[in-house]
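Here's a quick briefing on pockets and helix packing. Have a look at the model first, then read on.

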Amino acid sequence: MVAACGGGGGGGTTAPEASSVQLSGVAATGLALANSTVDVKCAAGTGSATTNDAGSYTVSVPDGQLPCIVKVTGTANGVPVVLHSLAEGTGTTATANVTPLTELILARAAGDMPAALFENFSSSSAPTAATLTQATTAVLTALGNAANIDLSAVDPFKGTLVAATTANPTAGNTYDQLLDQLGTVVTPAMLPQVVSQVASSAGGTSAPVTLEEVVANVGKGSLANCPQALSGKY
């Protein structure tokens, strides 16, 4: 009996179970990005899922390791959108909301389009926590000063986000209502061009356009009959 229980002298060892990283969050533009595809790339491991009607998602990444980048592909107001977010830190769980705000911040932090960051993502290419914090402060400050959208109380990546839905359009919390305000300045059709300009603003004093100039130009609105085109440097 002792031998059968592995207690007799040379008892075997059990291999440790493979760890996994679990990511969760909400994807929204003010209205939830429902039934949208979620793709995740981590420093180690990948995963995928689909958002529910409220824009919520959970992805388990077998043998995963943070940081991870999240991509959500969906439709907002009839316009196809692809948004990104970042889950940083260590451990086995993380929150990463995916919104136009996180798209803008990632562009500022990476100095590149978030789509390019996703395609070539690794632990070495991921923005550091300090860089992400600096980018968050810069984008929120610019939106507050130039677009009069006060996002100072919001944690874009990890804050609680309750999105409005088509079934319940008044369900959104404060974060979601601020996304609605942002959407009146940066529409889904305009977003890729604005993100490109924000990425170009990340070069410090040598940047071709400053973040403040980007937001000020966005506040003037898009060109007539062409929402993808904005005034300003290019």
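A pocket here is an open set of points on a 1 Å grid over the protein atoms alone, where a 1.4 Å probe fits, with protein on both sides within 12 Å along at least five of seven lines; lining residues have an atom within 4 Å of a point. Its volume is the space filled by probe spheres set on the points. This is a predicted model, where local features need pLDDT of at least 70 and side-chain atom pairs count only at pLDDT 80 or more, while totals for chains, interfaces and linings use all residues. Numbering starts from 1 along each chain as its sequence is written, and side-chain values use heavy atoms, with hydrogens and water left out.

**Largest pocket**
- The volume of the largest pocket is about 200 Å³.
- Its lining has 17 residues, with Thr29, Gly30, Leu31, Asn77 and Asp180 nearest the centre.
- Helix H4 (174-185) and strand E6 (79-87) each give two or more residues to the lining of the largest pocket; helices (at least four residues) and strands (at least two) are DSSP runs numbered from the N terminus.
- H4 gives the most, four residues.

**Second largest pocket**
- This one comes in at about 180 Å³.
- Of its 14 lining residues, Val81, Val82, Glu103, Leu191 and Pro192 sit nearest the centre.
- E6 supplies the largest share of the lining, six residues.

**Helix packing**
- H3 (residues 129-147) and H6 (residues 211-219) pack at about 45°, with axes 9 Å apart; axes are lines fitted to C-alpha atoms over the stretch in contact, and angles run from 0 to 180 degrees between N-to-C directions.
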